[in-house]
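My notes follow in the order I looked things up.

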Amino acid sequence: MTPPHPEPDIRAEYERLVSGGAAEGERGRILFYVSTTDLDEGKGDVYVAAGLAKHLARLGWGVDFRGVDRWTEAVPDGVDAIVAMLESFIPGHVPQEVRRVAWIRNWSRTWADLPFLEEYDEIWCSSEASRAHLADRFRGPVAVLPIGVDADLFRAERATSRPHEVITTANFWGVARELQSAIAPLAARRSLTWYGANAGLAELPEGVHARSRVAFFELPRVYAEAELVVDDLIPAAKEFGTHNSRLFEAIACGAIPIVNTREGLDELGLGAVPAYDSPESLLAIADGLLDDPEGREQLRESLRAVVTERHGYAARAEVASERLEALRRRAPADDAYERLLAWTTDLREDHRAADLALDHFRADAHEVGAERNRLAGELEGTQRALDAANSRLRQIEQSLPYRAWRRVRRLLPTGRR
C-alpha cells in the first residue's frame, strides 16, 4: 500500500524555506515574490518557487520568500536578486542594485503587455514559444527555464498498485474547462475520478467521480495510484506550450499524462506524451493504453527516464544558478522610473487591501442578510401557528354550548376573554 502521507522531512524542508530558514548562503541571497507562504493554500507558484529554491540552497545560495501581504516591505540588506513568480507583482520597492528576474510560468501575453516589464533585468520563460514572444517586447536577456518536479517527493517507487484507471487533478474556478466536455465519452466507458478545487461545482459528465482538491504533499500518492492522468492546459498556456507541474509530477510517479496540445512537448524531450484534440481522440488514446499493459509500461518507463534526467529541480537549479551569477556581474538597469514605480506599487497594494476589505464587508453583509431571512422565516412561522391557534379557538367557541363556553372562558388568559 502506498504511504498515506509524505515523509515529514520533505514538508518540513519546504516550511523552513518559505519561513526564511534558509535565507543565508555563501554564494548570495535570492528573494522569491510569491502569492503566499502558506503551503496549505494550494497556490502553484509557491511550490514551484520552493522546488527551485530548495536546490539553489543546496548549491550554496540563500533563499527567502515574500507573500503578497509583504510585497511592499523593504528588500532586506544583502539580497542579490529577486525572482517574481506573478505578473501582478510590481518591483517598485526593489532597489536598482538588486537584480530583478521575472519567471514566467504561463500568462505569457499578460506578462508581455506589462508597462513596467523593462524594470526587470532578465526573464525566464517556460517554453521556446513564450521566449520568442517575450523577446520581441523586452530588450534584456530572455531565457527558457521551464518549471520542473521535486524528485524527492514525486517518485514512482511509491506505487505498488494502480487502482485508478484515469484521473485528473485540474481545478475549477467557475470558468468551463475544455476537460469537462472532452472526458464525456471516456467517463462513460472507463473509471474516471476528478480531484480538484470546486470539482463538485463543475458540470461534469455522467460517470465522473468528483473529489475535493488533494493537498500538494498528498499528490504523489494520488498519481502513484493512477494509470492515466488527463490534463488540459488553459488557453493562455496552451497557446505557448507552457506545460504545468501536472505533466512532470504525474510522469515522475509513473502515471502517463494525456495532454490537450503537442505544443512544447518536443523541446522538453517528451514528444511521446499522448495528446488529444477531441473527446473521440481522448477516448481512443486512453483505450489504447489501458488495453495494452506492455506498451503502457514501456511508455511509462521511457517518459519517466526523461523526467528523472532532465526535469528535476536539481537540474533547473544548476541552470538558474549560472544565470544568477552572470546577472549579478551585469550593470543594473536604468532607474529613470524608480519613484513612479514605487508609487504604483503602493497604489496597487492600496487597491488590494481595499478589495480585501470589500470582500470581508460583503461576506459580513451576506451573513447578516442570511440571519435576517432566517429570523423573518421564524417570525412568519410563529405567526402562522398563532393564526391557526386563533382559528381553532374560534371553532371551539362556536361549537360549545353557552354554559360550557363560560367555564372555558374563565380559564383563558385575560387578553382572550
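**Overall numbers**

I started with contacts (heavy atoms within 4.5 Å): among those in the protein chain between residues at least 6 apart in sequence, 67% join residues at least 24 apart. I kept in mind that this is a predicted model, where local features need pLDDT of at least 70, side-chain atom pairs count only at pLDDT 80 or more, and totals for chains, interfaces and linings use all residues. Residues are numbered from 1 along each chain as its sequence is written, and side-chain values use heavy atoms, with hydrogens and water left out.

I then looked up the elements and found 14 helices and 11 strands in the protein chain. Helices (H or I, at least four residues) and strands (E, at least two) are DSSP runs, numbered from the N terminus. Of the 417 residues in the protein chain, 49% are buried. Buried means under 20% relative accessible area, exposed over 50%, and partly exposed in between (1.4 Å probe, protein chains only).

**Helix 2 against helix 12**

I looked up how helix 2 (residues 44–58) sits on helix 12 (residues 313–329): the axes come within 8 Å and cross at roughly 75°. That makes the two helices roughly perpendicular. Axes here are lines fitted to C-alpha atoms, for helices over the stretch in contact, and angles run from 0 to 180 degrees between N-to-C directions. Angles under 35 degrees count as roughly parallel, over 145 as roughly antiparallel, 65 to 115 as roughly perpendicular and the rest as oblique.

For the classes, Ala, Val, Leu, Ile, Met, Phe, Trp, Tyr, Cys and Pro count as nonpolar, Asp, Glu, Lys and Arg as charged, and the others, Gly among them, as polar.

**Helix 9**

Is helix 9 enclosed or open to the outside? Eight of its eight residues are buried, so helix 9 is largely enclosed by the rest of the structure. The buried residues include Arg246 and Glu249. I checked what they pack against and noted helix 2, helix 7, strand 10 (226–230), strand 11, helix 11 (293–310) and helix 12.

**Pocket and cavity**

On a 1 Å grid over the protein atoms alone, a cavity is a set of points where a 1.4 Å probe fits but cannot get out, and a pocket is an open set with protein on both sides within 12 Å along at least five of seven lines; lining residues have an atom within 4 Å of a point. Grid points are joined across faces, edges and corners, and a volume is the space filled by probe spheres set on the points.

The largest pocket has a volume of about 1400 Å³. I found 46 lining residues, with Gly44, Asn106, Asn171, Trp173 and Arg246 nearest its centre. Helix 2, helix 7 (219–224), helix 8 (235–238) and helix 9 (245–252) each give two or more residues to this lining, and the largest share, four residues, comes from helix 2. By class the pocket lining has 22 nonpolar, 12 polar and 12 charged residues.

I also found one cavity of 30 Å³ or more. The largest cavity holds about 30 Å³ of space, and Ile30, Trp61, Asp80, Ala81, Arg99, Leu324 and Arg328 line it. Four of these are nonpolar, none polar and three charged.

**Single residues**

Pro274 is in the loop between strand 11 (256–258) and helix 10 (279–290). It counts as buried at 12% relative accessibility. Beyond four places in sequence, Pro274 touches residues including Ile256, Arg262, Ile285 and Leu299.

Asp287 lies in helix 10 and counts as buried, at 10% relative accessibility. Leaving aside neighbours within four places in sequence, I see Asp287 in contact with Arg189 and Arg190.

Trp107 has a positive phi of about 55° although it is not a glycine. Trp107 lies in the loop between strand 4 (99–104) and helix 3 (108–112), and is partly exposed at 38%.
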